Amino acid sequence: MWEEAIKIELDQVVEEYKTFRDIGKYKSNSQIPRDHQLIKVNMVFDVKHDLRHKCRLVAGGHLTTPNGDTSYSSVASLRSIRLVTFAAELNGLELEAADVGNAYLEATTNEKVCFVAGPSFAQYGLENHLLIIDKALYGLRNSGACYHAKWADSMNNFCFFPSCADPDVWMRDKGDHYEYVVVYVDDLLYAGKDASGFWGEVKSMGYKLKGVGPPTYHLGATFERTVEPESLLTWGPVRYIQKILEQYERIFGEPVKNSR
C-alpha cells in the first residue's frame, strides 16, 4: 500500500503537475543555477481516518533563507463559516463543499531552489538528476502564500470580491442574491443558487476538485440535519468527540462515565 501511495504521489508531482525542471545529471555544485539553493526533499506518510495510505513529497523549506515575503495563506474564520451557513439556510441557498486536489501545485513558486533526485525518481529517468522546483511544492516557505495569491486571481476572474469583514469570504452579486465562497486554504464552502455552475467554473480554470457535494464533514466538524422537532442544520465536532471516547476506552479499558 505504501508503494502504491508513493507511485501515486510521484506520478502527480512529476508527470501531471510538471513540478520540476530537469537540469541534467548532477555532477557538481557548479551546475546549480545562479541564485538557486540546493535543498533536500523527503516523503511524509500518513494513514487517514478511513485507513487510506497517503504519501506526500515535501521540500525541506527549513533549509532555505527567508526572503521577507509573506509565507502563509490566510484562512476564513470559523465564525465566517457559521455566518455563511446561516445565510444559506435563511435564504434557501444551496450549500456545498469541496477540496482542491494538490492545491499548492496549482501555483508557481517564487523561491529559487533545486534538489538532487533520489532512487524513487528512477522510474521517470530522473535519478541523480538536478531538478529545479517550479511549482509551490509542499514544505517550501512561501507555498501557502503563492497558492493563496493564485486562488485570489482566479476568484477575481470569476467576478467575486472579498468581503470587507473577512477577506477569505468571497462574494458575487447575482442580481436576486449573493453567492458566497468561504476559503480555508484548499477547503471550499459554497452558498448560492447554482453550485454545479460554480464548480464548473472552478474546473474550467484547471483546478481538480474532490468531495464535491453537501457538507458532511468539514474542517474537523460534522454537518448533520435534525428532523424533530424541526429541521435544523448543525455543525459540531461529533466525529472528533467519538474518536476521543474510543481512544479513552481503548487506553483505560472502560467507557467514559456519564456525569449526568
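Tutor: Helix H4 (residues 195-204) lies across S5, S9, S10, S11 and S12, at about 20° to S5. The model is predicted: local features need pLDDT of at least 70, side-chain atom pairs count only at pLDDT 80 or more, and totals for chains, interfaces and linings use all residues. Residues are numbered from 1 along each chain as its sequence is written, and side-chain values use heavy atoms, without hydrogens or water.

Student: At what angle does helix H2 run to S11, and at what angle to S15?

Tutor: H2 (residues 78-91) lies across S5, S9, S10 and S11 (187-192), at about 30° to S11. Contact means heavy atoms within 4.5 Å. Angles run from 0 to 180 degrees between N-to-C directions, with axes fitted to C-alpha atoms, for helices over the stretch in contact.

Student: Why do S9 and S10 count as paired?

Tutor: Pairing takes at least two DSSP bridges. S9 (residues 169-173) and S10 (residues 178-184) have 5, in the antiparallel sense. So they pair. Trp-170 stands opposite Val-181 in S10. Their sheet is open, with 6 antiparallel strands in the order S8-S9-S10-S11-S5-S12.

Student: Why are S8 and S12 at the edges?

Tutor: S8 (161-162) and S12 each have a single partner strand, so one side of each lacks a neighbour in the sheet.

Student: Why is the pair of Trp-2 and Phe-45 called edge-to-face?

Tutor: Rings of Phe, Tyr and Trp (its six-membered ring) pair if their centres lie within 6.5 Å; planes under 30 degrees apart are stacked, over 60 edge-to-face, the rest tilted. Trp-2 and Phe-45 stand 5.2 Å centre to centre, with 80° between the planes.

Student: What makes the pair a link between separate parts of the sequence?

Tutor: Trp-2 lies in helix H1 and Phe-45 in strand S3, so the pair ties together parts 43 residues apart in sequence. The structure holds 14 aromatic pairs.

Definitions and conventions. Helices (H or I, at least four residues) and strands (E, at least two) are DSSP runs, numbered from the N terminus.
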